[in-house]
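Welcome to this guided tour! Open your viewer, get ready to select residues, and follow along stop by stop.

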Amino acid sequence: QRERVDRPSMVPVAVAAIRATELRALTLAATCAIAVCGVIALEGAHRNLLDGLATDYREYASSADIWISHPEDDLALAAFDARLERLERVPGVAEARPYFGGLLDLGDRRVWVIARPSRDEPMIPPSQIVAGDPATAAARVRAGGAVTLSRQLADALGVTLGESVTLPSPTGPMRARVAALTTNLGWGPGAIIMRAADYRRAWATDAPSAIEVTTAPDAAPAAVAARLNRALAGTGVEAQTVARRHAHANGIARQGLARLRQIAVLVVVAAALALAAAMAATVRDRRPQLAQLAAHGWPRRRIWSALVLEAGLLLAAGCAAGAVTGTIGHWLLMRWLAATTGYPAPWSWAPGETLGAIAAVTLVALAVVALPGALAARTSPRNAFDPA
């Protein structure tokens, strides 16, 4: 019976300590919750944006096995002279199709114009359509006289699905029917997709901004791309396989969004250090109570374990609240991003990401609080009788 009185379980001691300082405990738990919430929301937005952009570009570039364009021109905006008949004589090339693209000023927006050959498949990235039937929209664009608009661009122009829109072009106003509404296809101001023949007529040009190459069924795209690059030597353009082009575009996207991850890391570090500093102050103020435990025969290791357990309980409560609010915040952030900017960023929940954020905050905070906890556990039992 004496053992149970003098050396109570660590859990009741930790809970009693938390109840004795409810305001401070709530503050610590709230700080932890804010940190976890911020990390989950920011990292979730970062991941969703990267996934959405990768899916969009993969569908955009999948209409060919090899793309020929100016180096690092992932959007195929710069026109050049091309000799399709010469390219089609390269071994392994089944077909070479001219692709047209550029930028168009619409009010205060510089819009990305995508003009695809009618034989392209897909004509419109299917996952990027937000209004309209994909098959019907593709058929209408292929037939000519129809375009797709980013939803935010359509709102700015005051048109919607099925209505006619007038676009400025070098040869004069171009009227077309809106076949579908899409995301912004990764281009902030918005994008337009049309048939290449319509673009050539309205822009009065035969100079493509890219060549889409379909390889023969038995040909390796990498080998064909190497042959094409030898044939294109000195022209200023290069051939890239879809895999290489996709990897380059994804690398640029990751660099552009790296700041989100850096902010998330700073939130974790700042919150963990703030938690650790507050917990260290709590440990220091509790030296008289710790001395009483030592006077009751508690070994130093047991006192230290009780302190760490107390910190763990606070962190667990804060992390649970942060996980819930962070998931909700992540969902709201992606809804806001899609509604205001039109970026392709479908929301998805990653349990591993949530657990990772919780583990990061918890481990850093516990690691930092362990040292002052160990020092406080060395408090002499005499302090229980003479705290000064």
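Which residue just after H5 takes a positive phi? Select Gly 144: its phi is about 100°. Before moving on, keep in mind that you are looking at a predicted model.

**Stop 1: helix H5**

Now select residues 134-143, which make up helix H5. At its N-terminal end you will find a cap, Asp 133. Show the side chain of Asp 133 and look for the oxygen that lies 3.3 Å from the backbone nitrogen of Ala 135.

Next, colour Ala 137, Ala 138 and Val 141, the buried residues of this helix. Why do they line one face of H5? Turn the view until you look down the helix axis: the buried residues fall within an arc of 100°, so they share one face. On the other side of H5, select Ala 135 and Ala 143, which are exposed. To see what covers the buried residues, show E5, E7 and strand E8 (191-195), which are among the covering elements.

**Stop 2**

Now bring in the strands joined to E7, one by one:

- Strand E4 (residues 129-131) runs antiparallel to E7 and is joined to it by two bridges. Select Ala 131 and its bridge partner, Leu 181.
- Strand E5 (residues 146-150) runs parallel to E7, with five bridges between them. Here Ala 146 is partnered with Arg 177.
- Strand E6 (residues 164-167) is antiparallel to E7 and has four bridges to it. Pick out Val 165 and find its partner, Ala 176.

While you are here, follow the chain from E6 to E7: this hairpin has six residues between the strands. Select Gly 172 in the hairpin, where phi is positive, near 125°.

**Stop 3: aromatic rings**

Next, show the side chains of Tyr, Phe and Trp. The count of aromatic pairs comes to seven. Begin with Tyr 60 and Tyr 99, an edge-to-face pair with 6.2 Å centre to centre and 80° between the planes. Tyr 60 belongs to helix H3 (residues 22-61) and Tyr 99 to strand E2, so this pair ties together parts that are 39 residues apart in sequence.

Finally, select Tyr 57, Tyr 60, Trp 67, Tyr 99 and Trp 112 together, and you will see a cluster linked by ring pairs.

**Stop 4: helix H8**

End the tour at residues 221-231, helix H8, where Val 224, Ala 225 and Leu 228 are the buried residues. Look down the axis of H8: these residues fall within an arc of 100°, so they line one face of the helix. Ala 222 and Arg 230 are exposed on the other side. To see part of the cover over the buried residues, show strand E1 (66-69), helix H4 (84-88) and strand E10 (238-241), which are among the elements there.

Key
Residues are numbered from 1 along each chain as its sequence is written. This is a predicted model: local features need pLDDT of at least 70, side-chain atom pairs count only at pLDDT 80 or more; totals for chains, interfaces and linings use all residues. Side-chain values use heavy atoms; hydrogens and water are left out. Buried means under 20% relative accessible area, exposed over 50%, partly exposed in between (1.4 Å probe, protein chains only). The arc is that of the directions from the helix axis to the C-beta atoms. Contact means heavy atoms within 4.5 Å. Rings of Phe, Tyr and Trp (its six-membered ring) pair if their centres lie within 6.5 Å; planes under 30 degrees apart count as stacked, over 60 as edge-to-face and the rest as tilted. Two strands pair if DSSP finds at least two bridges between them. A polar contact is a pair of N or O atoms within 3.5 Å; within protein, one must be able to donate a hydrogen and the other to accept it, and residues adjacent in sequence count only if both atoms are side-chain atoms.
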